[in-house]
Amino acid sequence: MPSKLYPRLTLALLTGLNVLNYIDRSVLFGVQPLIQKEFVLTDVQLGRLNSAFFLCYLCAAPFVGRLGDRYARHRIVAIGIFVWSGFTLLSGITHTYGELLFRHIMVGIGEASYAVIAPTLIADLFPIERRGRMLSIFNLALPFGTALGIVMGGKMGVALGWRAPFMVAGIPGFLLALMLWILPEPERGKSDLVTASEVRSTLPGLLKNGAFVSATLGLAMYTFALGGLQQWMPTFLYRVRHIPLDQATTIFGAMTGATAIVATLTGGWLGDRLLKRQQGAYYTLSGVAMLAAVPLMMVAIYMTGSPMIPAMCLAEFFLLLNTGPLNAAIVNSVDAKIRSTALAVNVVVIHLLGDVPSPSIIGWISDKTSSLQTGFWVTFVAAALSGVILVYGSRYAPPTLRPRLPEG
């Protein structure tokens, strides 16, 4: 395969798979009211579905990370795709809350292999000065796939029942997994600039790696806010703003998808551009964007009428602006020899502190106060904490500027 074509083809395939990754987990958000009605569930029980997904996701991540540092990563990822696609498909025969909970758990275990290993493949395919943009393209899948999953769930759920969108979402993963299986494995660390002597390159050393710790904690608070908002916003629009479910999911999904493309690509381009001048640019850009999102989130939740939709768009723009830069910061903060393991640790922390508890906490507050709006306050606090941590963490950013060669 031509050397220039291989990285781009692999990036395109990994991005497509990442879109499916988020579609499969997000269909649930578009059909929550339908599931709640059939199984007669509380908001806490609904939140527990996503919390259980991420709890098992993060439990599987360390094992997958260690395997990824030792064996062919693309094969491990392909196996994980078969697992998550298969259990997504099996939702078509789910008829109890317990069965649905088990299915969601198994999808989480399958998807853990993807989240931990796929970014390390991209890091080995592109040089450090382009990683922000490349990881922005890859991470477009987070909001874009989430939006597609929500719209698919709402539209198909209302028309055909809530099981149908799960069955449709599970099928394409099998074909793409086979394509990934036959691609070659990229050489580890070939595109790195930062060496093991410059960055902590052992597992215990991660705790002393300020760049890794600050990026991980900042991403954890970001994940808390975004995870809670993504799960509950369609229900909020349906229940509180009294928008029909299929319209609510279309509005939120279309808005998220359009905003995601602009914000994520802008963040990747801007982060790489600023990195040429300041080694902490990924952290500073992400932190400032998170702080800017907080007041806009409040307006989106509490304002009615015409200001609500523009505020939601702007809030999502600033939340999603940091996706590429922040993920690039985490990849760059560790040596290639332990990158899969480090990303596994990152996955555990960001989900354990992030979207494992946030949906259930929001649901619990909603049940106790009879106000879903009140439940969203925890996301405002988390977004603000993320911004503060990341701005402070910029001082620990590792060297990323290539040294000038002597003249002559």
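Q: What volume does the largest cavity have?
A: In this predicted model, the largest cavity has a volume of about 490 Å³, and the structure holds five cavities of 30 Å³ or more.

Q: Which residues lie nearest the centre of the largest cavity?
A: Tyr22, Leu142, Asn327, Ile350 and His351 lie nearest its centre, out of 31 residues that line the largest cavity. Among the elements that give two or more residues to this lining are helix H1 (5-39), helix H6 (141-160), helix H13 (323-332) and helix H14 (339-353).

Q: And how many of those lining residues are nonpolar, polar or charged?
A: The lining of the largest cavity divides into 16 nonpolar, 13 polar and two charged residues.

Q: OK, what about the second largest cavity, what lines it?
A: The second largest cavity, with a volume of about 140 Å³, is lined by 13 residues, of which Leu229, Met233, Met312, Ala315 and Glu316 lie nearest its centre. H9, helix H10 (245-275), helix H11 (281-302) and H12 each give two or more residues to that lining, which by class has eleven nonpolar, one polar and one charged residues.

Q: Changing topic, where does phenylalanine 317 lie, and is it buried or partly exposed?
A: Phenylalanine 317 lies in helix H12, which covers residues 308-320, and it counts as partly exposed because its relative accessibility is 21%, while buried means under 20%.

Q: What does phenylalanine 317 touch, leaving out residues up to four places away in sequence?
A: With those left out, phenylalanine 317 touches Thr259, Val262 and Ala263. Threonine 256 is 61 residues from phenylalanine 317 in sequence, yet their C-alpha atoms are 8.7 Å apart in space.

Technical notes: Residues are numbered from 1 along each chain as its sequence is written. This is a predicted model: local features need pLDDT of at least 70, side-chain atom pairs count only at pLDDT 80 or more; totals for chains, interfaces and linings use all residues. Side-chain values use heavy atoms; hydrogens and water are left out. Helices (H or I, at least four residues) and strands (E, at least two) are DSSP runs, numbered from the N terminus. Buried means under 20% relative accessible area, exposed over 50%, partly exposed in between (1.4 Å probe, protein chains only). Contact means heavy atoms within 4.5 Å. On a 1 Å grid over the protein atoms alone, a cavity is a set of points where a 1.4 Å probe fits but cannot get out, and a pocket is an open set with protein on both sides within 12 Å along at least five of seven lines; lining residues have an atom within 4 Å of a point. Grid points are joined across faces, edges and corners, and a volume is the space filled by probe spheres set on the points. Ala, Val, Leu, Ile, Met, Phe, Trp, Tyr, Cys and Pro count as nonpolar, Asp, Glu, Lys and Arg as charged, and the others, Gly among them, as polar.
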